[in-house]
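Good morning, and thank you for coming.

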Amino acid sequence: MDDFRGKVDEVTGKRSMKELLIGTYDMKYLCKPVFPYFRKSKGVPPPMFFGKDDFLGLFVALVMGLQHALAMVGGLITPPLLISNLGFGMRPGTSPPVPYSSGNPAETQRYLVQAALIVCGIMTFFQVLGVRIWKTNFQFGAGILSCMGVSFTTVPIATSVIGQLMKEQGHTFEEAYGMFLGTIAVCGIIPVILSFFPIRVIKKIFPPIVCGITIMMIGVHLIGAGFKNWGGGAFCADNWQHPPAPKTCYLPAKYPNGTSYMQQSTQCWVGPGIKCGDPTKTEVFLPFGSQEYLGLGFLVFVTIIFLEIFGSPFMRNASVILALLFGYLIAAVTNYQGKKYVITTKIEQAPGITFLWTTTFPLGFYGPAVIPLMIVFIITSIETVGDTAATMEASRMAVDTEDGTRRIKGALLNDGISGIFSALATSLPLTTFAQNNGVISLTNVAARQAGFAAAFWLFLLGIVGKIGAWITTIPECVLGGMTTFLFANVIASGIKIIINGDPLTRRSRFILACSLALAFGVELVPQWATLNLWPVTPGMSPGLRGLRDAIILVISTSFTLGAVVALILNLIIPKDASAPTADNLELPELEAKDIAVTDSNHSSSESEDASTKKAPGAVVASRQDEHV
């Protein structure tokens with residue numbers, strides 16, 4: 001009993017009950033809005049810094065954890081929503097219409113959202129915990145305030161693979177998704193293997209320019225999905241025109257002498273086509289791009305900007321989800337000609353509590369997706385290295401030490417295990433999220449207690465069935481206004497990696513130009529690689545067909561093609577010879593010392609030493625001036 005009390009005293013530090021519950025954090029700083037255009041308003045100074053193992057108090061830990069969860073949740077729910085949208089709709093040319101999904105696609109969508117939240121909560125707990133592996137110098141998890149989220153990088157591959165399996169091979173959505181999950185579980189071993197390699201080897205093979213191009217093109221690809229939702233929905237965006245109809249129209253034509261004119265025709269595709277709207281969550285059905293849809297999405301987008309300018313630190317950290325809630329509220333209280341934008345049937349029918357595996361998918365394997373997924377896992381591994389290092393820097397921890405290297409490798413190992421576990425738990429693979437670094441910097445809190453609280457909130461949001469059902473009732477246009485901003489952030493992250501990596505020399509600009517030329521080309525014109533580059537022939541063997549599908553999938557996906565081209569060019573193009581510039585000219589030893597002294601911040605004693613060294617340096621500089 002005494003030992004137990006000793007442990008309790010060690011954890012609590014014999015703190016008062018008020019300190020145990022509320023802590024010592026300055027909540028005024030966290031909650032006070034900012035008015036940047038009033039010069040007299042200086043705001044509240046940031047509170048003291050809380051390190052990795054500092055004590056927060058129960059209430060403060062829960063508030064900080066909620067901030068991290070809210071900063072992530074917008075990005076967490078987007079991939080499962082986009083993927084599950086593939087299950088809606090009917091197979092073309094079937095009579096009566098045959099749905100893509102063998103079950104209830106709305107219920108499947110709710111489950112996938114909640115499974116993603118539950119898995120993120122579980123794996124965030126292990127990421128923050130950082131368990132040392134017995135009798136080794138490795139650990140599982142980073143052991144810092146670093147959270148796990150569903151990776152955006154798998155969304156383009158998933159939509160392409162699942163769509164191909166459903167439309168070309170006749171699988172249901174459940175079968176296609178199960179095959180994709182099985183392939184993810186196999187490829188998830190890649191980050192596990194990379195976690196045992198030296199970090200410098202990984203960075204040398206996959207430099208920042210390769211990773212930056214890949215991440216940027218992922219964002220470019222996803223922007224299209226965001227805009228489709230913003231306009232009303234992906235399905236109506238792809239079918240916004242009617243088939244040929246007897247309506248008279250005019251098409252461009254030419255006379256024999258080459259003169260152009262408009263010829264009357266009845267073979268025109270005209271809009272509007274299929275109207276947007278899911279009858280399970282709305283009563284409003286409008287053509288794609290209607291003013292009402294664009295206005296609701298724009299409201300969300302502008303709200304994010306408003307909160308970034310005027311919001312308190314808490315509101316800025318949670319700006320994405322707060323803007324989504326505001327847009328949802330406006331959509332819920334308004335109507336179109338007496339019809340509601342939001343109906344709550346799904347929420348009423350959803351279970352109170354749910355968990356993983358309440359809905360299952362038949363696991364399979366799809367060989368052509370292996371190479372693209374290998375590229376995805378390698379890129380996310382490199383991203384994890386950078387994100388974990390950034391989290392350690394924000395937490396005021398040393399990175400280039402044995403402890404820092406072990407934590408980065410622990411994060412990589414957690415990425416791999418999370419990818420395997422999430423696939424078996426019917427969710428898309430996870431990766432280390434970078435959003436939390438901004439929260440740490442803004443709040444001055446790097447305590448792991450906030451990370452454990454974030455894991456608790458994510459897990460709680462996942463198991464409450466009504467929350468998942470509510471998420472699936474968000475109108476597509478409201479969701480599109482939010483996801484467009486998120487996907488643009490992915491593009492910005494890729495650009496930042498390129499700029500902060502190697503200098504943009506002639507060599508790196510050449511690699512960048514070649515990679516982006518092909519990547520943007522297939523992004524804008526995907527049929528360039530899918531129609532006649534390698535046609536499928538009747539006598540093609542299954543093995544050759546699998547190889548053909550894998551190659552076409554790599555070439556027709558913009559970010560995988562860009563990554564492969566950048567990787568190959570980075571390996572075969574020789575390094576630039578360092579040209580003599582003002583930054584790398586060899587200076588006389590005396591002058592170099594002078595520059596080093598004048599460019600550094602020293603104490604008063606060091607300043608005195610600098611003054612004694614400055615005179616010879618000044619003589620050298622004056623002699624150079626005279627020479628010039």
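**Surroundings of Lys346**

Setting aside residues up to four places away in sequence, Lys346 touches Ala106, Gln109, Asp278, Thr280, Lys281, Ala469, Thr472 and Thr473, where contact means heavy atoms within 4.5 Å. This is a predicted model, in which local features need pLDDT of at least 70, side-chain atom pairs count only at pLDDT 80 or more, and totals for chains, interfaces and linings use all residues. Residues are numbered from 1 along each chain as its sequence is written, and side-chain values use heavy atoms, with hydrogens and water left out.

Lys346 belongs to helix H15, residues 345–349; helices (H or I, at least four residues) and strands (E, at least two) are DSSP runs, numbered from the N terminus. Is Lys346 buried or exposed? Lys346 counts as buried because its relative accessibility is 11%. The terms are as follows: buried means under 20% relative accessible area, exposed over 50%, and partly exposed in between, with a 1.4 Å probe and protein chains only.

Let me turn to Ser102. Ser102 sits in the loop between helix H4 (58–84) and helix H5 (105–129). With a relative accessible area of 58%, Ser102 is exposed. Apart from neighbours within four places in sequence, Ser102 is in contact with Thr172 and Glu174. The C-alpha atoms of Ser102 and His171 are 9.6 Å apart, although 69 residues separate the two along the chain.

Finally, the protein as a whole. The protein has 27 helices and 8 strands, and 48% of its 628 residues are buried. Of the contacts between residues at least 6 apart in sequence, 79% join residues at least 24 apart.
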